[in-house]
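This briefing is intended for reading beside the sequence and the three-dimensional model. Please keep both in view while going through the points.

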Amino acid sequence: MDILKEILRSSSFISKSLGEKLFKSNKTKNVESKTLDGIKHIYGLIEDGVKLERAHIKINIASEKITGVSCSCETFKENSQEIRNYMCSHIVATAYSFAKDNRVENINKKAINGIQGNKETIEIILKEEKDKIKDYYLLELKVGRDQKVI
């Protein structure tokens, strides 16, 4: 199970960069995991400025798929309303720390950059926004082979 690769594949370039920075500057203070009913729960405590943020990653062990993520940060609260399993920088930092702590040997250039063979990957996300004055759409396009860029 390559949790880090799954997290990075689903993350935006900004979340990856900020999460890696948090991890490398030792801001991930505590990462623990436990398994309940076939689901691996990974909990992270990340120091971000003057706040401590709490990240939670849920993985179905049988399918090796991420079934849910959450974080106490405002960025996650805002984006997760529109994007299922949104990966904020704290979730990315938790994944890096979990991978390191559990000696995941698959952390290599391919996993870190999200490369899958020589295939280009494209993700398109369209969000409808409504306010009192008008309705509008936000388009997020992620393109890349080495890493996805918005």
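The model is predicted, so local features are taken at pLDDT of at least 70 and side-chain atom pairs only at pLDDT 80 or more, while totals for chains, interfaces and linings use all residues. Residues are numbered from 1 along each chain as its sequence is written, and side-chain values use heavy atoms, with hydrogens and water left out.

**Sheet**

- An open sheet is formed by 4 strands in the order β1-β2-β3-β4, with antiparallel pairing.
- β1 and β4 (65–71) stand at the edges with a single partner strand each, so one side of each has no neighbour in the sheet.
- From one strand to the next, the twist averages 15 degrees.
- Strands and helices are DSSP runs numbered from the N terminus, with at least two residues (E) for a strand and at least four (H or I) for a helix.
- Two strands count as paired if DSSP finds at least two bridges between them; β2 and β3 (residues 51–60) are joined in the antiparallel sense over 10 bridges.
- Within this pairing, Glu47 stands opposite Leu52 in β3.

**Helix α4**

- α4 lies across β1, β2, β3 and β4 and runs at about 115 degrees to β2. Such angles run from 0 to 180 degrees between N-to-C directions, with axes fitted to C-alpha atoms, for helices over the stretch in contact.
- Of the 13 residues in α4, 11 are buried, and the helix is mostly covered. Buried means under 20% relative accessible area, exposed means over 50%, and partly exposed lies in between (1.4 Å probe, protein chains only).
- The buried residues of α4 include His90, Ile91, Tyr96 and Phe98.

**Thr28 in strand β1**

- Thr28 lies in strand β1 and counts as buried, at 15% relative accessibility.
- Leaving aside neighbours within four places in sequence, Thr28 is in contact (heavy atoms within 4.5 Å) with Leu22, Phe23, Leu45, Ile46, Ala93 and Ser97.

**Salt bridges**

- The count comes to 6 salt bridges, where a salt bridge is a side-chain nitrogen of Lys or Arg within 4 Å of a carboxyl oxygen of Asp or Glu.
- Glu47 and Lys27 meet through their side chains in one of them, at 3.7 Å, N to O. This pair links distant parts of the chain, 20 residues apart: Glu47 is in strand β2 (residues 39–48), and Lys27 is in the loop between α2 (13–24) and β1 (28–36).
- Glu47 is partly exposed, with a relative accessible area of 28%, and Lys27 is partly exposed with 28%.
- Lys27, Lys29 and Glu47 are linked in a network of salt bridges.
- A salt bridge also joins the side chains of Glu53 and Lys51 (3.7 Å, N to O). Glu53 is buried at 6% relative accessibility, whereas Lys51 is partly exposed at 42%.
- Lys77 and Glu74 form a salt bridge at 3.7 Å, N to O; both lie in helix α3 (residues 74–79), 3 residues apart, about one turn of the helix.
- Lys77 is partly exposed at 41% relative accessibility, and Glu74 is partly exposed at 44%.
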